[in-house]
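Colleague: Hi! Could you walk me through this one, please? I'm new to reading structures.

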Amino acid sequence: QVQLVESGGGSVQAGGSLRLSCAASGSTFSIDVMGWYRQAPGKQRELVAGISRGGATNYADSAKGRFTISRDNAKNTVYLQMNSLKPEDTAVYYCNVRRVFGLFESDYWGQGTQVTVSS
């Protein structure tokens, strides 16, 4: 099993910055992609950014140019640096880890951390 612990959320004014962290523990071998999702009230959960074990990244259009995802494989940790925050970034942010072994695939989710951006 994999356990995920998120940190770094908070409340900031528009234009501010936050850095989210998500640390994985337990059976961390065979971890493939890691990513960040967010969910605003009344909206579906959406992908913000993802990163492969080798470092390839992809971003939602709304995050490009403002957010940066990174990972430290030695620490089993994924980060999301968020700059130039906008009120529409307000949501609960969840980290996600996919573990692949043979024919099996498992997804793990963090507990979520609130990000609030005021105008």
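Modeller: Happy to! Let's begin with Ser84, which sits in the loop between β8 and β9. Strands such as these are DSSP runs (E, at least two residues; helices are H or I, at least four), numbered from the N terminus. This is a predicted model, where local features need pLDDT of at least 70 and side-chain atom pairs count only at pLDDT 80 or more, while totals for chains, interfaces and linings use all residues. Residues are numbered from 1 along each chain as its sequence is written, and side-chain values use heavy atoms, with hydrogens and water left out.

Colleague: New topic: how many disulfides does a search of the whole structure find?

Modeller: The search finds 1 disulfide, meaning a pair of cysteine sulfur atoms within 2.5 Å. It joins Cys22 to Cys95, with the sulfurs 2.0 Å apart. Cys22 is in strand β3 and Cys95 in strand β9, so the pair ties together parts that are 73 residues apart in sequence.

Colleague: Is Cys95 buried or exposed?

Modeller: Cys95 is buried, at 0% relative accessible area, and Cys22 counts as buried too, at 1%.

Colleague: Now the core. Which residues have the most contacts inside the largest one?

Modeller: They are Leu4, Trp36, Phe67, Val78, Leu80, Met82 and Tyr93, in a nonpolar core of 27 residues. Such a core is a set of buried Ala, Val, Leu, Ile, Met, Phe, Trp, Tyr and Cys residues joined through side-chain atoms within 4.5 Å. Several strands supply at least two of its residues each, including β1 (2-7), β8 (77-82) and β11 (113-118).

Colleague: Tell me about Met82. What does it touch?

Modeller: Leaving out residues up to four places away in sequence, Met82 touches Gly16, Ser17, Leu18, Leu20, Arg66, Phe67, Tyr93 and Val115. Contact here means heavy atoms within 4.5 Å. Met82 lies in strand β8 and counts as buried, at 0% relative accessibility. Its C-alpha atom is separated by 5.4 Å from that of Ser17, 65 residues apart along the chain.

Colleague: Last one: which residues of β11 are on its covered face?

Modeller: Thr113, Val115 and Val117 are on the covered face, with Gln114, Thr116 and Ser118 on the uncovered one. In a regular strand the side chains alternate between the two faces of the sheet. β11 pairs with β2 (residues 10-13) in the parallel sense over 4 bridges, and with β9 in the antiparallel sense over 3 bridges.

Note on methods: Buried < 20%, exposed > 50% of the residue type's maximum accessible area, 1.4 Å probe, protein only. Pairing = 2+ DSSP bridges.
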